[in-house]
Every structure is written in C-alpha cells, then in structure tokens.
Amino acid sequence: MESVDLQTIIFEFIGGLGIFLLGIKFMGDGLQKSAGDRLRDILDRFTSNPFLGVLAGIIVTILIQSSSGTTVLTVALVNAGFMTLRQAIGVIMGANIGTTVTAFIIGLNISEYSLPIMAIGCFLLFFFNNQKVNIVGQTIFGFGSLFFGLSLMSNGMQPLRNLQVFHELTLSMSDNPILGVAIGTVFTLVVQSSSATIGILQGLFSEGAVDLQAALPVLFGDNIGTTITAILASLGASVAARRAAFTHVIFNIIGATIFLLLLTPFTAYVSYLQSVLNLNPEMTIAFAHGSFNIANTIIQFPFIGALAWLVIKIVPGEDVTIEYKPKHLDPLFIKQSSTVALSQAKQEIIRMGEYSVQGLVETGAYVVTHDTKHSEMALQIEGALNNLDREITNYLVSISSTTLSEAESAKHTALMDSVRDIERIGDHFENIIELTDYKISNKINITDQAQEDLNEMFDLTILTVKQAIEALDSLDREEALIVIQKEDQIDKLERKFRKKHIIRMNEGLCTGSAGIVFVDIISNLERIGDHAVNIAEEVLGEN
C-alpha cells in the first residue's frame with residue numbers, strides 16, 4: 001500500500017509541477033507577446049534613475065511573470081550597452097518585488113475553477129484565427145494551468161504531513177533556519193523558478209505539513225536560488241552583464257542574511273498579518289514573500305552605489321560593451337551650426353563603420369571556430385548598427401530641414417548614402433552567421449580547400465571595408481581608389497572560387513548542401529565589397 005501511495009505522491013507532484021511551470025511559461029509568453037517590444041522600451045526609458053528602474057523592474061516582471069526573465073532581459077541590455085550597472089541594479093530590485101505577484105495570484109486559491117479556465121483558454125486558442133485572441137487564449141490557458149498544476153501538487157503533498165521523515169525535517173528546519181534557506185536555494189536551483197517553489201511552499205503550509213517558522217527561511221532560500229537563471233544567461237556575456245547577474249545574487253544573499261537575523265520578529269509580524277487580515281495559508285506566504293522583497297529593496301536601495309562598487313571588485317575585468325546609443329549626435333548643433341552638426345554626424349558614422357569592421361571580424365572568427373561567443377558578439381554589433389542607422393538618419397533628416405550651402409548639401413547626401421551602406425554590411429554578415437548556424441545544425445562539412453578560400457576572401461573583404469571607412473574619415477582619394485581596386489579583386493576571387501567549387505562538386509569532393517552554404521557566404525562577402533566601394537565613391541565624389 002505504501003509503495004502505491006509513494007508512487008501517487010511522486011507522480012502527482014512532478015506532473016503538477018510540470019503543468020504549473022508550463023502555466024507560468026504560457027502566461028508569461030502570452031503577456032509578453034501582447035506587450036511586445038514595449039518591454040524593452042519600458043526598461044530602456046524608465047531607467048534614467050534607480051527609483052524608476054525599480055518601477056520598471058516591477059512592471060516588466062508582472063508582465064512576464066518571471067523575475068529571472070526580467071533579470072536576463074536586463075543582463076542582455078547591459079551587455080548591449082543600453083543600460084549601466086547602476087541602472088540595472090534598480091531593475092533587479094524591482095524584479096524581486098514583481099515576482100511576488102505570482103504568489104498573490106496563487107493566494108487567490110481558485111483551483112476548483114482551474115479546468116473551466118483552461119477550457120476557455122483552449123477555446124480562444126483553437127477556434128479563432130485572430131492572433132490577438134490567440135494570445136489572450138494562451139494567457140488564460142496558462143493562468144488555468146498554473147492553478148491546475150498547483151492543485152495536483154497539493155493533492156500529492158497531502159499525505160506528507162503524516163510521514164515521520166517529513167515531520168522530522170520540518171522540525172530541523174524550525175530549529176535550524178539555515179537548513180531551510182539551503183533547501184529553498186537548492187530546490188529553486190533545480191526547478192529554476194522561485195514562483196514554483198513558493199507555490200509548493202504555499203501548498204505545504206496550507207496542508208499543515210510545515211509551520212511558519214520553518215517556511216520563512218525556505219522562502220529566503222527560494223529568492224537566492226532564482227538567481228541561477230541570470231548567472232547562466234551571463235556566462236558567455238560581457239563583464240558588465242556578468243556583474244549585473246552577480247548583483248542579483250548578492251542582493252538576495254544580503255536580504256536573506258538580514259531576515260535570518262530578524263527571523264523571530266519577522267515571523268511574529270507575518271502571524272500578526274495573518275490574524276488581522278484573516279488570510280488563508282497561501283495568502284499568508286504571499287504576504288510574507290511580498291513584505292520580504294519590498295523591505296529588502298527599501299533597506300538596500302540607498303546602497304546601490306556600494307553594491308555596484310562591490311560587484312566591480314568581485315567581477316574584475318575591462319568592461320567591453322557595444323554602445324547601442326550614439327555618442328556624437330547633439331540636437332543643439334543643428335540649430336547652432338549645420339556645418340558642426342554634419343561633422344558630428346560624420347564622426348558617428350565613422351564609429352558605426354568601425355563597428356561594421358569589428359562585426360565582420362567576429363563573423364569570420366565564427367565561421368572558422370563555430371564558437372558562439374563570436375556570433376553573439378557579431379549579432380550584438382548588428383543590433384547596434386541598426387540602432388545607429390536609425391538615430392543617424394533621423395539626425396541627418398533634422399539637419400536637412402535647415403538651410404544648407406551647396407557643399408554642405410553634397411556632404412549631407414554622401415553621409416546619408418554611407419549610413420545606408422554600412423547598415424547593409426551588417427545585414428550581410430548577419431546572413432553569413434545564419435548560414436553558418438545552418439551549416440552547424442545540419443552537420444554540413446565544408447572541405448579544407450573551401451575553408452581556405454573563405455578565409456582568404458574574408459581577409460580581403462575586412463581589409464577593404466576597413467580602408468573604405470578610413471578613406472571616409474580622412475577623405476583620402478588615394479585610399480578610396482585602393483578600395484575600388486580591392487573590390488575588383490573580391491569580384492575576381494568570387495568568380496574564381498565559384499569555378500573551383502563547381503570542379504569540386506563534379507569530382508564528388510563536396511556535397512550539394514555544403515556548396516549552397518559556400519556559394520551564399522562568398523556572394524554575401526562580394527556584396528559587402530560592393531557597399532565598401534559605394535562608400536569609397538562617395539569620398540571620390542566629394543573631393
């Protein structure tokens with residue numbers, strides 16, 4: 001009898017946990033789709049000071065139902081140079097408050113309605129062709145699944161309170177709060193969702209399997225464990241991103257330590273809330289979680305500078321970030337002097353051009369090594385190029401509304417065209433990364449000879465783009481003429497390598513799919529060469 005019971009406990013618990021996690025994911029994804037790019041905008045716009053950062057963190061976490069998700073987004077924005085470490089710390093503090101909303105939702109305790117809620121979600125998902133309705137359906141289905149998973153877990157955990165082993169563990173946790181913190185941390189590390197472990201804790205507490213004294217340290221541990229997702233996300237990222245992820249860990253460890261020292265008054269406070277507000281057990285844990293995170297943020301908020309300093313000491317290294325935002329485009333210049341404004345725009349274009357060279361170098365490295373560190377860097381640079389393209393073009397459009405002399409007008413047109421060419425270079429190396437991804441995922445092998453040819457063409461293309469940017473910077477005719485010669489070489493190489501490739505195909509040395517990848521990569525490089533020539537021709541036309 002005992003074994004059947006144990007099997008039922010385990011199956012209901014892990015099945016319920018699976019459905020619960022799926023529910024959170026569906027609900028978060030649905031909310032995220034309806035919020036769309038606004039999430040990034042919220043984070044980007046509201047982080048001018050740490051207090052607004054906290055608010056942005058709360059809002060975004062409520063929308064995507066995951067503090068880890070917000071922290072990972074923040075790590076990505078820091079990595080991309082959109083956000084400084086100090087701004088990120090505010091967002092991470094807010095994310096910790098936002099994540100308590102899930103616990104409050106669970107505290108509503110509407111498990112008996114979970115199946116009809118899921119049915120409504122399914123109905124909206126499957127019987128409508130409208131994307132907006134589908135997204136709402138997905139969110140509702142996720143909401144229902146969250147409660148259905150919880151009720152399954154709760155059923156599975158019911159017999160636990162009668163188990164002697166579990167009873168002893170609870171007593172140990174009451175006597176030794178650090179054990180509770182460790183259990184909460186480890187369990188959340190495994191499940192990678194503090195919402196899930198807090199949901200389980202709410203279930204255990206409502207079943208009477210753990211008392212408040214034992215439950216609270218587990219709650220603190222859950223908060224530490226949830227930081228693992230951000231750490232995993234930051235492993236390959238920049239120093240700044242690793243620092244942002246580490247801040248999350250330190251912030252939660254400091255909070256857990258403070259509240260362990262204050263455990264007795266905090267337990268008394270939560271018991272007082274429970275009796276005064278007449279809270280059900282789930283809501284009691286939700287209030288405890290909310291109070292803990294809000295108090296933790298209030299306590300540590302004044303020390304954001306100190307936190308940033310500490311993290312920089314712990315994670316040393318030079319901070320290499322790709323600055324998405326323009327550095328030279330001050331709108332004041334447009335009103336004062338169009339000549340100065342044009343030279344500022346040109347400086348920004350040169351910076352953009354240098355990024356395009358760096359992106360090409362990283363792409364070449366990815367083609368050879370297949371190390372995703374290079375492709376991630378190149379794609380980040382591509383994102384920066386797109387952003388700079390937008391910002392510089394808007395700036396140039398604003399300049400054109402002022403009165404320009406004939407010479408300035410010619411320079412303006414040349415700069416407009418150059419921005420477009422540099423942005424297109426980014427598109428082409430992004431294509432090459434996609435082709436390489438395709439090659440890796442389909443296990444396509446390129447022959448050594450083809451790889452050598454690619455390396456040769458990459459080297460020549462990188463050099464050509466570099467010289468085109470230098471020519472634009474110094475308006476050097478000689479340099480511009482060399483670029484045009486080099487591009488001629490690129491064209492010849494492309495024709496030569498295509499022929500060699502056809503010979504390899506005929507001799508059976510190379511597969512058709514490898515051939516497609518090879519030919520597409522060299523034609524993208526050839527197109528990059530064309531854009532370099534366009535830039536060089538702007539220089540020749542200007543002189």
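This is a predicted model: local features need pLDDT of at least 70, side-chain atom pairs count only at pLDDT 80 or more; totals for chains, interfaces and linings use all residues.
Start with the helices. Two packed helices are described by the angle between their axes and the distance between the axes. Helix α16 covers residues 281-300 and packs with helix α11, residues 194-206. The angle in this pair is about 135°, and the axes lie 8 Å apart. An angle over 145 degrees would count as roughly antiparallel, and 65 to 115 as roughly perpendicular. The pair α11 and α16 is therefore described as oblique. The crossing of α11 past α16 is right-handed.

Which residues of α11 and α16 meet? On the α11 side they are I198, L201, Q202, F205 and S206, and on the α16 side P281, E282, T284, I285, A286 and H289. Sorted by class, this contact of α11 with α16 holds six nonpolar, four polar and one charged residues.

Helix α14, residues 239-261, also comes up against α16: their axes come within 10 Å and cross at roughly 105°. Because of that angle, α14 is roughly perpendicular to α16. In α14 the contact involves F251, N252, I254, G255, A256, I258 and F259. Their partners in α16 are F292, A295, N296, T297, I299 and Q300. By class, the contact of α14 with α16 has eight nonpolar and five polar residues, and no charged ones.

Next come the charged pairs. Side chains of opposite charge can pair when their charged atoms come close. How many salt bridges does the count give? The count comes to seven. Three of these pairs are followed here.

R351 has a relative accessible area of 12%, so R351 is buried. E348 has a value of 0%, so E348 is buried as well.

The salt bridge between K500 and D453 has its closest N and O atoms 3.1 Å apart. This pair links distant parts of the chain, since K500 sits in helix α23 (residues 477-506) and D453 in helix α22 (residues 448-474). The two residues are 47 residues apart. D453, at 2% relative accessibility, counts as buried.

The next topic is separation along the chain and in space. L63 lies in helix α3, residues 50-64. With a relative accessible area of 23%, L63 is partly exposed. L63 and G28 are 35 residues apart in sequence, and their C-alpha atoms are 6.6 Å apart in space.

L85 is placed in helix α5, residues 85-98. At 14% relative accessibility, L85 counts as buried. Which residues does L85 touch, leaving out those up to four places away in sequence? They are A240, R243, A244, T247, A308 and I312. L85 and D427 are 342 residues apart in sequence and 30 Å apart in space, C-alpha to C-alpha.

Finally, look at the backbone in two loops. H370 lies in the loop between α19 and α20 (372-400). Phi of H370 is near 60°, a positive value in a residue other than glycine. H370 is partly exposed, with a relative accessible area of 33%. In the loop between α22 and α23 is L475. Phi of L475 is near 50°, also a positive value in a residue other than glycine. L475 counts as partly exposed, at 29% relative accessibility.

Terms used
Residues are numbered from 1 along each chain as its sequence is written. Side-chain values use heavy atoms; hydrogens and water are left out. Axes are lines fitted to C-alpha atoms, for helices over the stretch in contact, and angles run from 0 to 180 degrees between N-to-C directions. Helices (H or I, at least four residues) and strands (E, at least two) are DSSP runs, numbered from the N terminus. Angles under 35 degrees count as roughly parallel, over 145 as roughly antiparallel, 65 to 115 as roughly perpendicular and the rest as oblique. A crossing is left-handed if the near helix is turned anticlockwise from the far one by less than a right angle, and right-handed if clockwise. Contact means heavy atoms within 4.5 Å. Ala, Val, Leu, Ile, Met, Phe, Trp, Tyr, Cys and Pro count as nonpolar, Asp, Glu, Lys and Arg as charged, and the others, Gly among them, as polar. A salt bridge is a side-chain nitrogen of Lys or Arg within 4 Å of a carboxyl oxygen of Asp or Glu. Buried means under 20% relative accessible area, exposed over 50%, partly exposed in between (1.4 Å probe, protein chains only).
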